[in-house]
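Here is a short note on the aromatic side chains, for you to read alongside the model.

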Amino acid sequence: MKNKVFNKNGYKWIAVFFLICLGSIFFIRLLFPPTDKKINQVANKSTFTYRPVYHFSAPDKWINDPQRPVFFDGKYHYYYLYNKDYPNGNGTEWRQATSQDLVHWKDEEVAIPKYTTKNGDPWTGSFVVDDQNTAGFRKGAVVAIVTQPSANGGKQEQYLWYSTNNGKTFKSYSDQPVLPNPGTKDFRDPKIIWDSQANKWVMVLVEGPKIGFYESRNLKEWHYTGGFFTQDIGIIECPDLFKIQANDGTYKWVLGASANGKSISKPNTYAYWIGDYNGKEFFTDNSGPQWLDYGFDWYAGVTFQDDKSNKKRYALAWMNNWDYPNSTPTLRDGFNEVDSIVRQIQLKKQDNNKYILTSQPIEALNQLTLSTNFYKEIEVNGSKTHNVKGDAFQLDTDISWSHVKNVGLRIRESTNKQRHIDVGLFVQNNFSYVNRGFTDQPDKTNKYVESRAPFDASKKKVHLKVLVDKTSIEVFIDDGYVTYSSEVFPHSNDNGITLFSDGGTSIFNNVTIKHFRSINR
């Protein structure tokens, strides 16, 4: 192609045209300045993030099942299932985070990578510190028993991995399982504890609707001792076994598992049984399970002991649901969802002589408090919108009434009152509830909109503790006898709080709102 010569007059007319355009834009901006609303919309699009303020989330990509944290070497070591190839590739691996307070976390990268042996990717399991060198790797070695689909037909079998560098990286002990599949489809999620009385390791394992019990002296050779059969709660996952002292001084054993209670109108969260473990198998005090959370999104839960005293027990879970695991707008920020806060759980004896596990946020969360709003008493008949706003906070209040139908809080409310999350007591029908149907949420079928639990409305009072973050709401009722955990995705500017009392007057006492700073530095 031949070169074309552009004369000087051409450049002059381009310059004139450019100046005319600039002048026109300036004149239009003077006549029609942008509104504050438009400015805020632009700012929100550029600055808003779904990254949680105080909940744990993976640095990127995918997170699911937590592996029970263990305290050693001066900190808690926590592994979780992670998929670096999400959403375009499958397979999970164990990624590690460490913490000294169970609030602030440091990413420690992948500890057990996927697809590095002839067997499949590592799934859920558990790990222990082998202080007595029972496995022979060395005193203090970190030993993990992990479910993997075998190279021989993809059967779910248990494999051993070990670490001699304080859990930073693990090595595969063998391509052969330490616990082969006996011929059942579901055979996974080993949880290991040390039985100090019998001087042996104990494993609980999912076998369809059954929880199997195994024992070992060296973590390499396992023997079946008994089983506990669940009923009407589907295929269970992530079993749990621990001993805990109740508030009356009694020691009880707790057997837990993630279970689908939808068929019996129960939650799809953590089911547990109170009873006794005799070193071989578990016997429950009551036939049916109880539930540690009544929300939609507290799954694959694990419990663990505190750092040194072992007097406290904690719990955390994956805040998602296998009915809608990928329905999350957090992907725009490069990650998929979060864990629940760490909770302290306690065993308490009730007036009917039954025992129940209660949950409360750990005290260490208080160190995140940026500011506090306190109101001694607020009387409400109808609704009263609070002048305090927030998107990451804890709200506590005592509510009392004489005659009402429905009382509670509307959280993360929009200015037009159309979008909100409702937390309250439906007094007429004796149940508490959390309703996320009026805000963006992950269940596109709208089946899982309102979660409920029984409540004795004859008391005519309740204590509500509500923890709110960018993508979650966790509710603790009456000192954590009932808890709810659910994913929610409110709009960035939806940060109002309204108190409501329908059908009568209620008194909201000691309303305390703690605003939290971010753990992401």
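Predicted model: local features only at pLDDT ≥ 70, side-chain atom pairs only at ≥ 80, totals over all residues.

1. The structure holds 32 aromatic pairs; two of them are described individually.

2. One of the pairs is formed by Tyr 78 and Trp 105, with 5.5 Å centre to centre and 55° between the planes, which is a tilted arrangement. The pair links distant parts of the chain, the two residues being 27 residues apart. Tyr 78 belongs to strand S2 (residues 75-83), while Trp 105 lies in the loop between strand S3 (93-99) and strand S4 (106-112). Tyr 78 and Trp 105 are both buried.

3. A further pair consists of Trp 194 and Trp 201, with centres 4.7 Å apart and 65° between the planes; the geometry is edge-to-face. Trp 201 counts as buried because its relative accessibility is 5%, and the cut-off for buried is under 20%.

4. Tyr 78 and Trp 105 also belong to one aromatic cluster, together with Phe 56, Tyr 80 and Tyr 82. Within that cluster, Tyr 82 has the charged end of Arg 95 over its ring, 4.6 Å from the ring centre.

5. A charge is also placed over the ring of Phe 137: the charged end of Lys 220 sits there, 4.8 Å from the centre of that ring.

Notes. Residues numbered from 1 in each chain as written. Heavy atoms only, no water. Phe/Tyr/Trp six-rings, centres within 6.5 Å; stacked < 30°, edge-to-face > 60°. Helix = DSSP H or I, 4+ residues; strand = E, 2+ residues; numbered from the N terminus. Buried < 20%, exposed > 50% of the residue type's maximum accessible area, 1.4 Å probe, protein only. Lys NZ or Arg CZ within 6 Å of the ring centre and 35° of its normal.
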